[in-house]
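I opened my notebook for a quick tour of this model. Here is what I looked up, entry by entry.

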Amino acid sequence: DAPKVPGSRGDSGGPRRGSLCDRRCAAINNVQGDLGELGCHLHRPRAPPATSTPSCCQQHSEEACECCVLKTTLTAENVVEANKLSNNYKFGFKKWKSHVTARPWEDRSEIVKELYSDLNIIRGSGGSTLTCGNVLYLLLFGWWLSLLYVLVAAVMFITIMGAPYGELCWELAGYFLWPFGKVIQKVEVPKSLQACEAGVGESSALLGGPTPLRWHPRCWLGTGYWHHASTAVWLCLGYPVLALAHGLVCVTAWLLIVLIPVAKLSARATSRVLLLPPERLLIRGLRTTEVPLEGEVILCCHRAANPYYYKYAVDGINVFAVNLLPLVLVTLVLGYVDSPNHLTGSAVKFTLALLSIMPLSYYIGMAIASISAQSNFAVGAVVNATFGSITELTFYITALIKGSREGNRCYAEVVKSALTGTLVGCVLFVPGLCMVIGGIRHQEQRFNSRSAGVSSALLFLSVGGELGTGLSPGLGVPPGWVPAPCPVPAGVFAPTLFSKVYGKLVCGECHNVTQNPLGHYLCHNCHFDLMDNNGTLYYSHVQPLVYTVSILLPAAYLIGLFFTLKTHTHIYDIHISDCHMPGHHHSAVVHWSRWRALVILLLSTLCMSACADLATEHISPILTNSTISQYFIGVTVLAMVPELPEIVNGIQFALQNNLSLSIEIGNCIAVQVCMLQIPILVLFTIFYPTNFTLVFSDLHVYASMFSVVLMNYIFMDGKCDYFQGTVLVMVYFILLAVYFFAPSPSGC
């Protein structure tokens with residue numbers, strides 16, 4: 001929280017504006033950013049007391065105070081984590097929410113500690129064990145797992161030599177039917193068993209009742225030979241069946257995520273409980289007033305489900321990304337082994353390939369963040385510029401190559417739709433959704449309008465402009481045809497403007513509506529022909545303009561990097577300092593080292609290329625047989641699915657009242673689309689000729705321009721609420737409806 005400034009009010013006789021400014025500073029500095037889980041704070045340096053120099057808010061006007069409050073100090077746990085936090089605020093760097101280093105155990109909340117704890121701790125009674133999660137366990141796993149133990153127990157009794165294990169399975173059948181409120185302990189062999197004389201075991205105030213004395217092989221059969229024979233029968237007939245069943249339960253519960261405690265229960269039962277001699281195991285019911293017995297607790301489960309397991313991570317990787325990783329292997333094997341589509345159709349393979357892109361995008365993002373946090377600024381900038389857009393570029397390039405080989409222009413149109421969909425989605429949907437979700441928790445959210453203005457200015461440079469008439473009077477058009485106003489944009493849409501001004505309008509069919517030669521004509525399937533006169537217009541004028549724009553836009557992007565990261569770093573005013581708090585460890589234990597992150601980055605990129613190749617290979621039947629417009633498929637599925645990890649990061653930042661990073665996530669992606677991805681695709685056509693030309697349809701131009709203008713208007717004052725976010729989301733859905741009902745582009 002913002003520290004109170006002593007003497008900043010009427011004691012010094014300052015004007016009323018100063019006190020208002022102080023309150024404004026405190027309100028803005030209440031934003032704690034993404035450091036809520038770090039136990040650190042986003043704060044201003046403590047101001048001196050009233051007897052010393054007055055604060056900046058007393059000396060300057062409201063405008064100066066607005067600059068003053070933007071100077072923030074971020075406190076981090078170690079140097080690597082501090083570099084990651086600093087990179088989040090840098091223009092052109094990937095924003096990453098998750099930690100790249102292991103957090104100290106003592107700094108975690110009790111909820112998170114419970115997620116990572118083993119099922120061998122006896123806790124006090126937290127209430128009734130009859131919960132929805134426990135009942136779900138009974139319905140999904142408990143009843144048939146218990147029945148299987150009864151059947152195995154019967155088999156063990158039939159073999160006679162496996163009778164001790166049969167008794168164990170009989171008791172475990174009752175345990176796994178409802179394991180909650182029960183405990184399995186490993187105890188030393190009682191001396192009474194060695195003498196084979198005790199008829200009643202020990203009693204305990206802890207677990208209640210007498211200890212059941214289980215048959216001991218040596219007491220019952222007499223020699224160690226029969227003991228080994230009993231174990232051999234168990235390992236051959238009983239253990240494999242139960243291990244297979246527990247493995248199935250473990251995998252299923254792990255994939256459901258909220259039932260991960262059940263997965264731990266099954267894994268521990270397979271690796272510990274079923275491999276111990278029967279006489280070493282005790283199964284008891286817990287009571288609220290009991291005290292644990294002496295001996296190792298192997299299993300003690302209280303709840304089968306925990307909704308907080310969405311936070312669970314394995315070696316720094318979120319559990320969702322871990323669970324989706326096998327999907328990548330299934331996609332690759334199924335796609336390349338079953339190429340004739342004997343097992344599955346193209347629609348299934350396309351869906352699997354598209355879903356596989358999500359975890360690969362996550363691994364690429366974490367690898368980039370890990371390398372950048374452990375390297376200097378130059379290495380981080382190169383890695384972010386090289387691999388920051390690798391997910392989208394791999395798909396676009398493979399689609400263009402396939403379209404060029406088949407001579408199908410539809411692939412190029414789908415790529416243009418995906419580029420426009422990414423731009424519109426990241427400008428409208430991503431910040432709008434973050435505003436809505438963050439606004440539900442926080443009444444009003446503020447952000448650094450000056451830093452957001454850099455991305456907005458670059459976006460406006462890329463697609464902004466004004467409206468005008470896109471046809472010159474010298475064009476040959478049907479009599480009475482009235483040209484509609486078309487955009488006069490800059491940047492990536494400049495070749496589109498050029499083609500509309502100087503291209504020849506060609507229509508497939510025209511009808512005279514008024515039956516008057518000078519009246520209005522209704523024309524269908526009209527487009528601007530750039531190849532008239534053997535393509536002189538295109539090759540002599542449009543193509544050089546396209547290459548010029550493709551060189552100038554990356555240059556503007558580099559200037560933006562130099563402006564924000566070198567000459568005008570005060571726009572962000574981010575200072576990183578270590579937490580000098582008890583219990584904090586300053587030595588960083590990184591999840592992924594630089595070399596490991598680099599290997600994962602390269603492997604993920606390779607798998608991404610393979611999945612993109614499979615997606616483009618099997619998208620053709622969907623484009624030709626689907627009744628939905630190809631425009632809609634491009635701007636929704638192909639554009640937004642690869643960005644889902646970024647959307648999740650933005651939502652997490654917004655929930656922590658750090659809307660600046662939520663907005664920057666969308667802005668940076670949109671800027672990279674216009675200033676890096678599109679120029680790279682254009683330059684790629686020089687080395688590998690494709691059907692991709694930098695001439696977009698009117699629908700793409702209007703949607704992009706309107707989105708950027710609306711975004712600049714919303715972000716003007718540096719504050720927002722859920723209503724403004726709702727406006728952005730609604731406008732995005734309206735544009736999706738327009739694309740849904742639009743006819744398919746020419747060539748599809």
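These entries go from ground rules to cores, a helix, salt bridges and the surface.

**Ground rules.** I am working with a predicted model, in which local features need pLDDT of at least 70, side-chain atom pairs count only at pLDDT 80 or more, and totals for chains, interfaces and linings use all residues. Residues are numbered from 1 along each chain as its sequence is written, and side-chain values use heavy atoms, with hydrogens and water left out.

**Cores.** I looked up the nonpolar cores (sets of buried Ala, Val, Leu, Ile, Met, Phe, Trp, Tyr and Cys residues joined through side-chain atoms within 4.5 Å). Buried here means under 20% relative accessible area, exposed over 50%, and partly exposed in between, with a 1.4 Å probe and protein chains only. The largest core has 123 residues, and L428, L459 and L638 touch the most other members. Helix α16 (residues 410-441) gives this core its largest share, 16 residues. Helices are DSSP runs of H or I with at least four residues, strands are runs of E with at least two, and both are numbered from the N terminus. Apart from that core I found another, of 41 residues, including V152 and V262.

**Helix α14.** I then asked which residues of α14 (residues 377-387) are buried: G380, V383, N384 and F387 are. They sit on the same side of α14 because they cover an arc of only 95° around the axis, taken from the directions from the helix axis to the C-beta atoms. The buried residues of α14 pack against α13 (346-373), α15 (390-406) and α20 (594-617).

**Salt bridges.** I counted nine of them, each a side-chain nitrogen of Lys or Arg within 4 Å of a carboxyl oxygen of Asp or Glu. K84 and E81 meet at 3.1 Å, N to O, and both lie in helix α4 (residues 79-88), three residues apart. K84 counts as buried at 3% relative accessibility, and E81 is buried at 0%. R596 pairs with D315 at 2.5 Å between the closest N and O atoms. This pair links distant parts of the chain, 281 residues apart, from helix α20 to the loop between β6 and β7 (317-318). R596 is partly exposed at 37%, as is D315 at 34%.

**Surface.** Last, I noted a nonpolar patch of about 370 Å², made by I111, Y308, Y310 and F320. Patches take residues with over 30% relative accessible area and no salt bridge, joining like charges within 9 Å and nonpolar side chains (Val, Leu, Ile, Met, Phe, Trp, Tyr) within 5 Å. Areas come from the Shrake-Rupley method with a 1.4 Å probe, and for residues only the protein chains shown count as cover. Y310 is partly exposed at 42% relative accessible area.

Key: Contact = heavy atoms within 4.5 Å.
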